[in-house]
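We will go one selection at a time.

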Amino acid sequence: MKEELISVIVPVYNSEAYLEECIDSLINQVYSNIEIILVNDGSTDNSEDICIKYKNRDSRIKYFKQQNAGAAAARNVGINYATGKYIGFVDSDDYVDNDMYKTLYMALIENRAQAAQILSRRFTNDGIVVNQSLIDETNGKPNEIYNSDDAVKRYLIGNHSLCTHLYEAGLFENIKLPENMSGEDLAIIIPLYSRIEKTVKINSYKYNYRLNLNSVTNSGLNQRSINLYYEYKKQLKLYESNELYEELLIYTKFKTLNGIINEMVLYGDCGFDNNEKFFRNELKCSFEQFEQNSFVSSAQIKKLNLYLYCRSIYKILLQIKRKNYKRPLYGEE
């Protein structure tokens, strides 16, 4: 069987400590018919030297450089230069098992799917795998097949990452990741997955995600959450004629708003221009919408009521909960 070319896009920004491990995991793939597209997003460390060293060593590696514009801009550059029939993404501080792309490719072919998803092993810098119990529970279970609506639902509710997927390259035609915002992959989920008739989920953990507790996706309140809130509001206007997408977007809007409020209650407005008073008013305006949403539970509605009518008690309960709080594993909630 002919193995089609896979393009793997790696945005690189100041990741000299982990970049070699990342690239080594790609050049050593069992599936060898790949091109590795390294896009240096204005790194100021030795990342460029590492990229050039590997480019000179392996003809499958392409290297591009741009002024710092963010991961979305780097991924868009990679998509533009990709020549493979399939496209995958890897972050430069992560690495993948050597059979990951073989596994993804075979799942696509065998199931005649347009997208395939693998699961991620989450580990800290000292090597501790934080989702080991989940791995033990689900690893090796049968593959799951999703249609377009199911895939959108799972992605938006679970906050999955582009990096754990392999896609037919043609799906990205006329789709561009929005630049100058974090969480940009979630902004293209509906337009992307509305083109996908079948997605196969592989219950195997082959993507290795380095858990940086100080990073954007693992800190408390951050600009990413605020960006996503506005993105979901914008998408609600775009997809209000689709009942399922509207329900999902209202729920993701609720989750994001709830997270923003919780962090502001605990830590103040965290230095952002948007303060708690503004988001409290956003909650009041959206409360009826959340009450009627099928994905928002009655318990969650009660908590929101408590916040609106007795913020002091809400804060105390939130502080108690946070002492024993374990952040959900991003992408596998």
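**First stop: a pair of charges**

Select E3 and K102: their side chains meet in a salt bridge, 2.8 Å from N to O. A salt bridge here is a side-chain nitrogen of Lys or Arg within 4 Å of a carboxyl oxygen of Asp or Glu. This pair links distant parts of the chain, 99 residues apart, with E3 in the segment before β1 (6–12) and K102 in helix α4 (residues 100–111). Helices (H or I, at least four residues) and strands (E, at least two) are DSSP runs, numbered from the N terminus.

Before moving on, note that this is a predicted model, where local features need pLDDT of at least 70, side-chain atom pairs count only at pLDDT 80 or more, and totals for chains, interfaces and linings use all residues. Residues are numbered from 1 along each chain as its sequence is written, and side-chain values use heavy atoms, leaving out hydrogens and water.

**Helix α8**

Next, pick K234 and E231, whose side chains form a salt bridge of 3.4 Å, N to O. They lie 3 residues apart in helix α8, so about one helical turn separates them. Which of the two is buried? E231 is, at 7% relative accessibility, while K234 is partly exposed at 48%. Buried means under 20% relative accessible area, exposed over 50%, and partly exposed in between (1.4 Å probe, protein chains only).

Stay in helix α8 and select L236. L236 is buried, with a relative accessible area of 10%. Show its neighbours too: leaving out residues up to four places away in sequence, L236 touches E246, L249, I250 and K253 (contact means heavy atoms within 4.5 Å).

**Helix α10**

Now colour residues 276–291, which make up helix α10. Look for a kink of about 45° centred on C285; the bend at a residue is the angle between axes fitted to the seven residues ending there and the seven starting there. The buried residues of α10 include F279, L283 and F287. What do the buried residues of α10 pack against? Their partners are α8 (223–238), α9 (243–267), α11 (298–309) and α12.

**Last stop: helix α12**

Select R311 and E276, which form a salt bridge with their closest N and O atoms 2.8 Å apart. The two are 35 residues apart, R311 in helix α12 and E276 in helix α10. R311 is partly exposed at 30% relative accessibility, whereas E276 is buried at 15%.

Finish with L317, also placed in helix α12 (residues 311–323). At 46% relative accessibility, L317 is partly exposed.

How values were computed
The expected span of a helix is 1.5 Å times one less than its number of residues.
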